[in-house]
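Please examine the sequence and the structure shown here before reading the report.

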Protein chains: 2
Amino acid sequence: MERILLTPGPTPLPETVRKAMARKMIHHRGADFAELLHNVAEGIGYVMGTSPEKVLIFTASGTGAMEAAVVNVLSKGDKVIVVNTGNFGARWKQLCEIFGAEVIELKYDWGCQADVKDLEIALRENPECKAVFAQHLETSTGVENDVKKMAKLTSQSDAIFVVDAVSGLGCVEMKMDEWKIDVCIGSSQKGLMAPPGLSFMAFSDRAWERVENSDLPKFYLDAKKYRESIANRQTPFTPAISTFFAINESLEYIKKKTLKKILAKNAVLAQGTRAAIDVLGLELLPKKPCDAITAIKVPEGVDGKALLKKIEETYNVKLAGGQSEYKGKLIRFAHMGDIGREDTLKGIYALEKALQEDKNFRVKELGKATETARKIFKSGDS
Amino acid sequence: MERILLTPGPTPLPETVRKAMARKMIHHRGADFAELLHNVAEGIGYVMGTSPEKVLIFTASGTGAMEAAVVNVLSKGDKVIVVNTGNFGARWKQLCEIFGAEVIELKYDWGCQADVKDLEIALRENPECKAVFAQHLETSTGVENDVKKMAKLTSQSDAIFVVDAVSGLGCVEMKMDEWKIDVCIGSSQKGLMAPPGLSFMAFSDRAWERVENSDLPKFYLDAKKYRESIANRQTPFTPAISTFFAINESLEYIKKKTLKKILAKNAVLAQGTRAAIDVLGLELLPKKPCDAITAIKVPEGVDGKALLKKIEETYNVKLAGGQSEYKGKLIRFAHMGDIGREDTLKGIYALEKALQEDKNFRVKELGKATETARKIFKSGDS
């Protein structure tokens, strides 16, 4: 029996994507890689809502691109606002502080969406603020922040708006240019259905001005080097070529299927999962859950770690647990990547079964949650 | 007709390695990735000549690991010695300077090996020097530096010895622990026969002391985070999982074949190629060439760029050109990765043919260079 991966990155890969990885190696200084790089940048631009010539691609995980954003747009002692709605918001704060910025933190309880009014006040009170950092989707809590509103607000100040869209890209709508986002970050292994190992960043003109004046030391993640290289359809350092083969294929797949249909599919899967969770009498962590990750509270008395282990080992479904302060207290069920109805139903049923076998939890009617989701899937376009 | 890749990274991959990339995705927090990470660290330890628990693995190119070495072992204002024998020596200097070190440069003409006596003098004159940076093989020139002697010398001082073995690993002998190298760096896409995207680093105890006291800002490349994680058989950030599948396979292949046999094979291929170059009346750049890359001077009057283009487009062999000041002036012919006799012979013959067709060069007897190499291969264990 094959394991079903319902984790918020890495996600399952379409077969064509996996097979593309097995292609013979090519050299990164030559016409074939130049074309590949161009196609991939175009695909990423499509998903991000920006033009391909703005896209820089790093051979690094998403955190590498987050660091790249910080060291490229900031200078020593810059005052910044960090919108912290969970584990990855906390990472923005850590990164900014490590690289010498002065951080004003807008911190929210896990599961809460950032309040745009707080940002409005913070920007008004700190007109010298250079940048605002936020998450589009906070992977640790399943919360979606209203980055569209935040971007509009920030665009009226001197600060630039930096968005970690690692979990959002390919899962929920992102219109970087239209929404006036200055820096947008993504990575390969979530909604983009490729293996981990590549991350991306695009800058607005306003952000490039900051890059020009940034005095923080950098080399491997120096955006200017990537911009110079991409003009020649190259990367400054040897890129993860096989992962480029994969993401080129997955972006083709996304373009053919259309982003609109993929987002609609994710939404239906999330809707069905939430309805099932409700039938089981479980509680969601976020008040306004997003359509890419459903974060479920482990019910009182149940050992979260043991529950996930059972679901994995007995029912061959891999779900993610909680991070940081929520270790052992969350079940994170993803709706991103190459996941369909059947996989999601198997995931729900595995959760039902494992809960039923837990002496500290009572499943009233085994299978009912799964059936509830199935009905929603049938009515939706998944 | 398939293109033969005779470039010093990326190199051709064994079929089993390519196919391993197509495996279904797994999650990086779980028993299967833990085992994979452990196996890969063991294989890298075998090739580096160190113990697996010392090996840290980054999702980044070789330059990422070079930067990691600098930001982890140095502190602001540290005095260091950089042994610069080419393009990658110059990169050490750049990296050290960008991150605030004071650099004493031992610079050599391209093609020259570093003189260990210069290092001896520099260490004596600068007892406060914190670290020495060098290349094992200088990929841009095909020169092998005597890192064994340099390490011995440096170990008698207060400085630590940092070696970029990116091009050497799996191509020529490396005994990190025995030779008393403090920091050794490698990456996946050269002698290790895997796709680009992963790089590694191992530290001696002496180097870890420096890491403990380093005050340079870092996050994505913070060695302490990787050490903590690897103790739990994890990586701190999402790793390039498919590339782990590949390198696990290629390290198995290397272990089975034995490193000794692979190094012997490389040596014979290099020997044959050098003999062929001699027959053609061409000149090598390095005085003491290494067995992983043969760097050949483009003969007077011949357009190096056009020559390589012809070899690629007409004869389907990809060779590398010169870098920096040697752009257009070098042909770099690699003997690393999954390259055998026949590929090398095809490469030599392509070079003969392209030169014969060049009106500014005379090939006395077409095929003689290839035949010369063939004879050497027959007598050797390739």
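## Relation of the two chains

The model described here is predicted. Chain B is superposed on chain A by a rotation of 180°, with 0.0 Å of shift along the axis and an RMSD of 0.0 Å. The two copies are thus related as by a two-fold rotation axis.

The interface is consistent in its composition: 98% of the interface residues of chain B are interface residues in chain A as well, so the copies meet through the same surface.

## Overall fold of chain A

Chain A contains 14 helices and 14 strands. Its C-alpha trace spans about 60 × 55 × 35 Å along the principal axes.

Among the 382 residues of chain A, 58% count as buried. Of the contacts in chain A with a separation of 6 or more, 72% are between residues 24 or more positions apart.

## A parallel strand pair in chain B

In chain B, strand E3 (residues 79–84) pairs with strand E4 (residues 102–107) in the parallel sense, over six bridges. Within the strand pair, B:Ile81 has B:Ile104 of E4(B) opposite to it.

## Helix H10 of chain A

Helix H10 (residues 241–257) of chain A has 17 residues, which at 1.5 Å a residue should span 24 Å; the end C-alpha atoms of the helix are 24 Å apart, in agreement with that expectation. Just after H10(A), A:Thr258 adopts a positive phi of about 75°.

H10(A) is mostly covered, with twelve of its 17 residues buried. The buried residues include the run A:Ile241, A:Ser242, A:Thr243, A:Phe244, A:Phe245 and A:Ala246. Also buried are A:Ile247, A:Asn248, A:Glu249, A:Ser250, A:Leu251 and A:Ile254.

Which elements do the buried residues of H10(A) pack against? Within chain A, the partners are helix H1 (15–21), helix H2 (31–48) and helix H11 (259–279). From chain B, helix H1 (15–21) and helix H10 (241–257) also pack against these buried residues.

Key: Residues are numbered from 1 along each chain as its sequence is written. Chains are lettered from A and ligands numbered from 1 in the order in which they are written. This is a predicted model: local features need pLDDT of at least 70, side-chain atom pairs count only at pLDDT 80 or more; totals for chains, interfaces and linings use all residues. Copies are superposed by least squares on the C-alpha atoms of residues with pLDDT of at least 70 in both. Two residues are in contact if their C-beta atoms, placed from the backbone, lie within 7 Å. Helices (H or I, at least four residues) and strands (E, at least two) are DSSP runs, numbered from the N terminus. A residue is buried if 20 or more other C-beta atoms lie within 10 Å of its own, exposed if 12 or fewer, and partly exposed in between; C-beta atoms are placed from the backbone. Two strands pair if DSSP finds at least two bridges between them. The expected span of a helix is 1.5 Å times one less than its number of residues.
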